[in-house]
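This report describes how the chains of one model are built and how they meet. The sequence and structure are shown first, and the description follows.

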Amino acid sequence: MIEFFKMGGYAGYIWPSYVITLAIIVLNIVWARRSLQQARDEARRRLATSEHPP
Amino acid sequence: MNTSVLKLHATTCCAPQASALRAAQLVLQRDLTLAYRRRGQIIQPLVFFVLITTLFPFAVSPELARLREIAPAALWIGALLASLLALEFLFRDDAQDGTLEQYVLSGQSLTWLLFAKTVTHWLLTGLPLTLVTPLAAFSLGVAYPAMPAIGAAVAIGTAALSLLGAISAGLTLGVRRGGVLLTLLTLPLSLPILIFGARAAELAIKGASVAAPLYLLGAFAVLGVTLAPLAAAAAVRISLE
Amino acid sequence: MAWTWFHKLGSPPYAFSLAGRLTPWFAWPAAALIVAGLYGGLVLAPPDYQQHDAFRIVYVHAPSAWMSLMVYTILAISAAIGLIWRIKVSHAVAASCAPIGASFAVAALVTGSLWGRPMWGTYWEWDPRLTFELILLFFYLGYMALRSSIDDLMRADRASAVLAIVGFANVPIVHYSVEWWNSLHQTATVMKLAKPTMPPAMLIPLLMMLLGFTLLFFALLLLRVRGEILRRERTASWIREAVLI
């Protein structure tokens, strides 16, 4: 098991690579969902102000 | 100065080929005259270039041998930054006073007119830079035999830069404080020019053949001549919408 | 027949609802493939006889690099379609591609750098492929910067489309740079479809990761494009049902 984590001595290069890539994937998912949510909120606000003009 | 713009409109009623050449001539005359009236603006990039190359002896070492090693880098970074500075006034004044819009509406090919403008711009910025480069190179310890090759590289490289930079200048026309954005957008396009230009300078200083990087620089310049004005015209049209 | 479908795709409400329905069909297979690929690459694949375990970085590096190039291609094509035929949905697709492609270009550069250290002895080399991949990242960033600096969304779409098309020249350069120049970077091992030079135990997890990342991109694209469509449809009536549910 420990041998697996050591990765033949290259652990210092392999694990950061994988962690960073997976972090970027997760970041993308979060970012995309937030972007959609923001667009939805903006649209809702636009609809609200257009239906009830100040 | 709007007489030249009126003349431009007038050219479209004559024979198309003759009028295109006449139109380019008018653009050239107008830009050169205006530049002469704003001599200070033209000098700025030149002074900037000289200042930057002067900074290197202070930052690195006053020894000519060491300076000779970094001379290619110093010269090209200076030339690149000075050219980026100069790009700002390629279209800016004409966009502000409405002349650019007149070019779009004139019935002449916008691509051709912008090409004429870019050539004029190079005459006002790239050419002076090329002439000053031997001086700057000398101050960095470069020997005389290397000068022609370095000068040729700077001439071709700045030409390519003016052409490719016209695209990003067109794209950032309507943007507030677009100077930084202009630099950011031009940078990816200019990196190959920087790489091959510096390589040419390096080889020239060593006394080796400069053919390979010069050909590649030339290729970029040709690419710039053929495609860049088209893209720049599209960019200007979009920015003026 | 095909053109009616294409026209339908250009209709914002249709594209919006289609994107919503298709997302899970890409998201879940992507997750499965990536998990399986990770297991195959980290656990099942034998160590390379030259690079030993270090080669395992390929399972995150190659898919990231592939993504950065593929996404830019899709970005440039949609931008061109949007510019030429003035289709808003196409511009929405282009806008959605940029953040995804940029982040994977970063991933490619970082993982490549980490792989370079044990293999070439250095974290960075001004090697042609690395340099042009960096230029690709600059194009992504420039595209996003140009978009955000123009207030009018339609003008931002069209201006950034010109930039995207100009930058597309960089994509084949990145790919062929290893053949055109004397490069430290290794030449294509997977793209040679005739006989890939990798043994199956190593190749299959790589293919799974490549496919998984691609499906993930489409899932992310579908998520983002819906938001971009909403931003371009001011107060059209169909938005009411789409948004207030």
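## Which chains meet

Two residues are said to be in contact if their C-beta atoms, placed from the backbone, lie within 7 Å. The model examined here is predicted. Two pairs of chains are in contact, and of these, chains A and C share the most contacts. Chain A and chain B do not touch, and their nearest C-alpha atoms are 24 Å apart.

## The overall form of chains A and C

Chain C has nine helices and zero strands. Read from the N terminus on, its elements run α-α-α-α-α-α-α-α-α. For 245 residues, a compact globule would have a radius of gyration near 18 Å, and the 20 Å of chain C agrees with this. Taken along the principal axes, the C-alpha atoms of chain C fill a box of roughly 65 × 35 × 35 Å.

Chain A contains two helices and zero strands. A compact globule of 54 residues would have a radius of gyration near 10 Å, but the value for chain A is 22 Å. The C-alpha trace of chain A spans about 70 × 15 × 10 Å along its principal axes.

## One helix of chain C checked for length

How far should α3(C) span, at 1.5 Å a residue? The helix has 28 residues and should therefore span 40 Å; its end C-alpha atoms are 40 Å apart, which agrees. Just after α3(C), residue C:R86 takes a positive phi of about 50°.

## Where chain C touches chain A

In this interface, 35 residues of chain C are in contact with 29 residues of chain A. On the side of chain C that touches chain A, the elements giving two or more residues are α3 (58-85), α4 (88-120), α8 (200-232) and α9 (237-244) of chain C. Of these, α4(C) gives the most, with 12 residues. Sorted by class, this side of chain C has 20 nonpolar, seven polar and eight charged residues.

Two packed helices are described by the angle between their axes and the distance between the axes. Helix α2 (residues 11-51) of chain A packs with α8(C) at an angle of about 20°, and the two axes are 8 Å apart. Angles under 35 degrees count as roughly parallel, and α2(A) and α8(C) are therefore roughly parallel to each other. Their crossing is left-handed. From α2(A), the residues that meet α8(C) are A:I25, A:N28, A:I29, A:A32, A:R33, A:S35, A:L36, A:Q38, A:A39, A:R40, A:E42 and A:A43. From α8(C), the residues that meet α2(A) are C:L216, C:L220, C:L223, C:R224, C:R226, C:G227, C:L230 and C:R231. By class, the contact of α2(A) with α8(C) has 10 nonpolar, four polar and six charged residues.

## Where chain C touches chain B

The contact between chains B and C takes 15 residues from chain C and 16 residues from chain B. Two helices of chain C, α5 (128-149) and α6 (153-167), each supply at least two residues of the side that touches chain B. The residues of this side of chain C divide into 10 nonpolar, three polar and two charged.

How do the axes of α5(C) and α6(C) lie, and at what angle do these helices pack? The angle is about 165°, and the axes are 9 Å apart. Angles over 145 degrees count as roughly antiparallel, which makes α5(C) roughly antiparallel to α6(C). The crossing of α5(C) and α6(C) is right-handed. On α5(C), the contact is made by C:F139, C:G142, C:Y143, C:L146 and C:R147. On α6(C), it is made by C:A156, C:A159, C:S160, C:L163, C:A164 and C:G167. The contact of α5(C) with α6(C) has seven nonpolar, three polar and one charged residues.

## A helix pair within chain B

In chain B, helix α7 (residues 126-139) and helix α8 (residues 147-171) pack at an angle of about 150°, with their axes 9 Å apart. The crossing of α7(B) and α8(B) is right-handed. The residues of α7(B) in the contact include B:L129, B:T133 and B:A137, and those of α8(B) include B:I150, B:V154 and B:A155. By class, the contact of α7(B) with α8(B) has eight nonpolar, six polar and no charged residues.

Key. Residues are numbered from 1 along each chain as its sequence is written. Chains are lettered from A and ligands numbered from 1 in the order in which they are written. This is a predicted model: local features need pLDDT of at least 70, side-chain atom pairs count only at pLDDT 80 or more; totals for chains, interfaces and linings use all residues. Helices (H or I, at least four residues) and strands (E, at least two) are DSSP runs, numbered from the N terminus. Ala, Val, Leu, Ile, Met, Phe, Trp, Tyr, Cys and Pro count as nonpolar, Asp, Glu, Lys and Arg as charged, and the others, Gly among them, as polar. Axes are lines fitted to C-alpha atoms, for helices over the stretch in contact, and angles run from 0 to 180 degrees between N-to-C directions. Angles under 35 degrees count as roughly parallel, over 145 as roughly antiparallel, 65 to 115 as roughly perpendicular and the rest as oblique. A crossing is left-handed if the near helix is turned anticlockwise from the far one by less than a right angle, and right-handed if clockwise. The expected span of a helix is 1.5 Å times one less than its number of residues. The radius of gyration is taken over C-alpha atoms; the globule rule is 2.2 Å times the number of residues to the power 0.38.
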